Amino acid sequence: MGLRAGGGQDLLQRREDVRQANFLELFVDLVLVFALSGVVSRVVREITADDAVVRWRSMAYLLVLAMPLIWLWITTAHITSWFDPRRRKIQWLVLTSAFGLLVMAASLPAAFVGRGLAFVLPYVILQCGRPLVLLPGLRGHPLGRLYLRSVLWCVGTSVLWFAGAAFSGGARAALWGTAVTVDIVAAQLRWPVPGMARPPVSAWAMDSGHHLPERYQQLLLIALGETVLAVGVTFAAQPIGPDTAAMLVIAYLSTVLMWRIYFYRSGQVLAEAVAAAGDRLTAGRATGVAHIVMVIGIVATAVGYEVVLEHPDGRPEPVWLAVILGGPAFFLYGRIRLERVVFNRLSLRRVVAIATLAVTAVPLYFTAPLAASVVALLVLLGVAVADARHAAGRPPEHPSPAH
C-alpha cells in the first residue's frame, strides 16, 4: 500500500504528484461494482412483481438505494483528490469507506424491511466522521471551514436517515430519498450555515486537474462493468433459447455503445477541459452531476436488461419500458450535460435520440419487451454512427469549456 508517515498540513502537500488512481482506490471501485449489482437485483425483484404499485415503487427504490452509494463513492474520490492518498491517514479512511460500502451493499436485499440501520449507519458515520478526522490538520485552511459546515449539515440530515430506519417500505424510502437529496444539494451550495462565511473552496472543486476527472471516468466504467456482470449472471440462470441469446448480444452491444458514446469525445478529453475551465468550481459541480445522472441511467438500463432476459415475450409493463427506454435516455441526458462542460454546446444528436426513445414508447407497448431493447440499441447505434461521421476526416477536437 505504500504507507508513509505524515499528517496535518502534510496531507495536502505534494498532492500534484498524484495524478492517477492508486490500487487502494481501485479496490473501492470493486466494492461499488458489488453494491450497484445489489441495487439492480433488488429493483428487478420489485419491478417484476404482480402488484402494479410495487412495480412503480421500484423506480423510487432504485434512486433511494443507488444515490447514497454513488454519493459515498464520490465523496471518497474527492478526499483522495484533495489529499495525498499515499498518507497513512488517507489510506485508512479509504479502507474504512470501502468497508462501509460493503456493509451497505450487504444490507440491500432487506434494506426496506429489516436492515435499515445496516444501510444507514455506515453512510452517516462515514459522511460525518471522515471530515472530523481530517479537521485537526486543516486549521487555517479554507477546506477546514468547508468540512466543518459539512459536519453540521450531516448531523442535521442524520435525523432523516435514522427516522427512515425506524419505518419501513414507502415511508422509509421517502425519508431516505429526502435525506440524500438534501445531502447532494447542500454540497452543491457549499453547505450554507447562517453566520459562517462561505469558504472559497467547494466539495465539487477539482484540486487536481487529472486525478478527479479520471476517477469520474472510472465511475462510468464501474457502472458499465456492473451492467455486464448483471446481464451475465441473469443469463446464466435462464434457459438458453433464441430470445435470451439475442438479448445477451443486445445487452453487450448496447453497453459497448454507451462506452463509445461517453468517451467520444467529451469523456476522453475531460481532464483537459477541466484544466482549461475558467471556473473550476462550476465545472466540477457540473461534471459531478452529469456523471451521477449517467450512472443512474446505466443502472436503470441494467435493470431493463434483466427484465427482458426474464420476460422476453408478451406485452411489456409500462414501468418496464420506463427502464428499457428511459435508462438509455437518462444516460444520454447526462452525456448532454457533460458536453456542455467540455465543449460548452448542446449536443443535438443526443437530443434527437432522447426524443426518438420517448416517441417509440407508445407503439412499443404493443410489442414484446425484446423489441424495446432492439429499438434502444438502434438509437444508441445511431448516436455512435453520427459521432463517427462528424469526426470523419477532421483532426481530434480540442475541449472548449466556458471561461
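## Residue classes and model

Ala, Val, Leu, Ile, Met, Phe, Trp, Tyr, Cys and Pro count here as nonpolar, Asp, Glu, Lys and Arg as charged, and the others, Gly among them, as polar. The structure is a predicted model. A search of the whole structure gives four cavities of 30 Å³ or more.

## Largest cavity

The largest cavity holds about 370 Å³ of space. Its lining consists of 24 residues, and those closest to the cavity centre are Trp71, Thr75, Gln127, Ser150 and Trp191. Sorted by class, the lining has 17 nonpolar, five polar and two charged residues.

Four helices each supply at least two lining residues: α2 (52–82), α4 (116–134), α5 (142–166) and α6 (169–188). The largest share comes from α5, with seven residues.

## Second largest cavity

The second largest cavity has a volume of about 70 Å³. Its lining is made up of Met247, Ile250, Ser254, Thr301, Gly304, Tyr305, Ile324, Pro328, Ser373, Ala376, Leu377 and Leu380. Two or more of these residues come from each of α8 (242–267), α10 (280–310) and α14 (369–391).

With four residues, α14 provides the largest share of the lining of the second largest cavity. By class, this lining has eight nonpolar and four polar residues.

Key: Residues numbered from 1 in each chain as written. Predicted model: local features only at pLDDT ≥ 70, side-chain atom pairs only at ≥ 80, totals over all residues. Heavy atoms only, no water. 1 Å grid on protein atoms, 1.4 Å probe; cavity = no way out; pocket = protein on both sides within 12 Å on 5 of 7 lines; lining within 4 Å. Points joined across faces, edges and corners; volume = space filled by probe spheres on them.
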